[in-house]
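The tour below goes from one selection to the next and says what is found at each stop.

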Amino acid sequence: MEPRVVFNEELCKGCSLCISACPKNIIYLADRLNSKGYRPATVTEQDKCISCAACGRICPDAVITVYRPKKK
Amino acid sequence: MMELVFERTNGLTEKPTHYCPGCTHGIIHRLVGEVLEEMDIIEDTVGVASVGCSVLAYDYFNCDMTQAAHGRAPAVATGIKRVLPKDRIVFTYQGDGDLASIGMAEIVHAAARGENITVIFVNNAIYGMTGGQMAPTSLVGQKTATSPFGRDIALQGSPIRVSELLATLDGASYIERVSTHDVASIIKAKKAIRKAFETQKNGLGFSMVEVLSTCPTNWGIDPKESLDWVKEKMIPEYPLGVYKDVKGGK
Ligand SMILES: Cc1ncc(C[n+]2csc(CCOP(=O)(O)OP(=O)(O)O)c2C)c(N)n1
Ligand code: SF4
Ligand code: SF4
Ligand code: SF4
Ligand SMILES: [Mg+2]
């Protein structure tokens, strides 16, 4: 499946605001570090994402891009 | 096939910001960048950064930028606005220490003159950059580096409500206070910023959006708790809403 939500991990500061804003509770901090030393936010259950973009709108670091399936 | 719903605006440069994790300065930057892009005025705009954590804003906005001495951004913006062709857009981006302490004279007189500029006023109730000293906007009882027992009205006076104050001036055309504590309020904040820039574009005079913002680092709480603090502590002291809208008859 093509991802609905994509994180530019190098820009992420692990602040967790996107986690608190996600209505589906699918965002978590990954068990790895980016080059700044932060645990980047990520989503594994892409199929549960509803493309609401709440995460993108609350992210202070413009880390997130959101897509939705095109209606046929 | 996927279609795009939300992406980083071209109104910001590619440069990663130096702001602390979860600091809502970053959200406010993005909203201004999105408005510049959506109004198609990136190429026509000059921004004036101030002194405070946003001193490096000139690296982050994708329009022409300059940076003013502490508190003087409205005076510098006045000069730039007056010498450039009329279709150019000029805005300042100022913190509460910058605007409401050392820069109180400049902001009041710019508003009183009805300067056709837009002010983005980031109120986080503290001096962030210098280590969390009390600001004129700090709340009663708020503990800061210079009010370790909490702000005391008898000693330090009461918080200054800048939007209410400037709205009393005839030169002010659009004044609104907004917040960044949740997604709905962020969407509202963007609409206000758009209205302020449109006020300037239509030649109507002085516009300011006061944005309630966080400073997790100096408030000493995490980014999410900081959003809650804005909602529970700041908004009752600084009610949201439109304080002046000459076009809307307010
Ligand atoms: C003339 C002068 N006086 C004092 C300072 C020190 N100073 C730097 S930033 C600042 C206050 C910044 O607070 P604010 O405007 O609220 O911005 P924030 O960092 O909270 O976003 C002060 C007092 C200075 N740089 N220049
Ligand atoms: S777009 Fe909405 S549902 Fe999808 S991850 Fe972001 S906040 Fe969660
Ligand atoms: S809100 Fe942005 S910076 Fe903060 S954890 Fe989420 S993606 Fe990272
Ligand atoms: S010190 Fe406060 S205002 Fe400055 S970047 Fe850090 S959190 Fe933001
Ligand atoms: Mg401040």
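Start by selecting chain B, which has nine helices and eight strands. Keep in mind that this is a predicted model.

**Chain B as a whole**

A compact globule with 250 residues would have a radius of gyration near 18 Å, and the 17 Å of chain B agrees with that.

Next, colour chain B by accessibility. Of its 250 residues, 56% count as buried. The chain exposes about 10,100 Å², and 54% of this area is supplied by carbon and sulfur atoms. Among the contacts in chain B with a separation of 6 or more, 68% are accounted for by residues 24 or more positions apart.

Then colour the charged side chains. Chain B has 25 positive and 29 negative ones. The centres of these two sets lie 5 Å apart.

**The magnesium ion**

Select ligand 5, a magnesium ion. Which residues coordinate the magnesium ion? The donors are B:D96 through OD, B:N124 through OD1 and B:I126 through O, at 2.0 to 2.2 Å. Written along the sequence, the spacing of these donor residues is D-x27-N-x1-I. Within this group, B:D96 and B:I126 link distant parts of the chain, 30 residues apart. B:D96 belongs to helix 3 (residues 96-102), while B:I126 sits in the loop between strand 5 and helix 5 of chain B. Both B:D96 and B:I126 are buried.

**B:A125**

Now select B:A125, located in the loop between strand 5 (118-123) and helix 5 (153-156) of chain B. Is B:A125 buried or exposed? Its relative accessible area is 0%, so B:A125 is buried.

Show the contacts of B:A125, leaving out residues up to four places away in sequence. The residues touched are B:D96, B:A135, B:T137, B:S138, B:Q142 and B:M234. One of them, B:D96, also coordinates the magnesium ion. For a distance to check in the viewer, pick the C-alpha atoms of B:A125 and B:P136: they are 7.6 Å apart in space, with the two residues 11 apart in sequence.

**Helix 4 and the residue after it**

Move to helix 4 of chain B, residues 104-112. Buried residues in this helix include B:M104, B:E106, B:I107, B:A110 and B:A111. Just after helix 4, select B:G114, whose phi is positive at about 65°.

**B:T199 in helix 7**

Select helix 7 of chain B, residues 183-201, and find B:T199 in it. B:T199 has a relative accessibility of 7% and therefore counts as buried. Which residues does B:T199 touch, not counting residues up to four places away in sequence? The list is B:N116, B:S173, B:Y174, B:L204, B:G205 and B:S207.

Most residues other than glycine have a negative phi. The next two stops have a positive one.

Select B:D40 in the loop between helix 1 (25-38) and strand 2 (45-49) of chain B. Phi of B:D40 is near 55°, although the residue is not a glycine. With 64% relative accessibility, B:D40 counts as exposed.

Then go to A:S51, in the loop between strand 3 (41-43) and helix 2 (54-58) of chain A. A:S51 is not a glycine either, and its phi is positive at about 60°. Here the relative accessible area is 7%, so A:S51 is buried.

**Chain A as a whole**

How many helices and strands does chain A have? There are two helices and four strands, and along the sequence they follow the pattern β-α-β-β-α-β. The radius of gyration of chain A is 12 Å, close to the 11 Å that the globule rule gives for 72 residues, so chain A is as compact as a globular protein of that length.

The C-alpha atoms of chain A fill a box of roughly 40 × 20 × 20 Å along the principal axes. Of the 72 residues, 49% count as buried. Chain A exposes about 3,800 Å², with 49% of that supplied by carbon and sulfur atoms. Residues 24 or more positions apart make up 57% of the chain A contacts with a separation of 6 or more. Lastly, colour the charges of chain A: the mean positions of the 12 positive and 7 negative ones are 9 Å apart.

Technical notes: Residues are numbered from 1 along each chain as its sequence is written. Chains are lettered from A and ligands numbered from 1 in the order in which they are written. This is a predicted model: local features need pLDDT of at least 70, side-chain atom pairs count only at pLDDT 80 or more; totals for chains, interfaces and linings use all residues. Side-chain values use heavy atoms; hydrogens and water are left out. The radius of gyration is taken over C-alpha atoms; the globule rule is 2.2 Å times the number of residues to the power 0.38. Buried means under 20% relative accessible area, exposed over 50%, partly exposed in between (1.4 Å probe, protein chains only). Contact means heavy atoms within 4.5 Å. Accessible areas come from the Shrake-Rupley method with a 1.4 Å probe; for residues, only the protein chains shown count as cover. Lys and Arg count as positive and Asp and Glu as negative; His and the chain ends are not counted. The place of a charge is taken as NZ of Lys, CZ of Arg, CG of Asp or CD of Glu. Donors are N, O and S atoms within 2.8 Å of the metal (3.2 Å for Na, K and Ca); water is not among the atoms, so sites may look incomplete.
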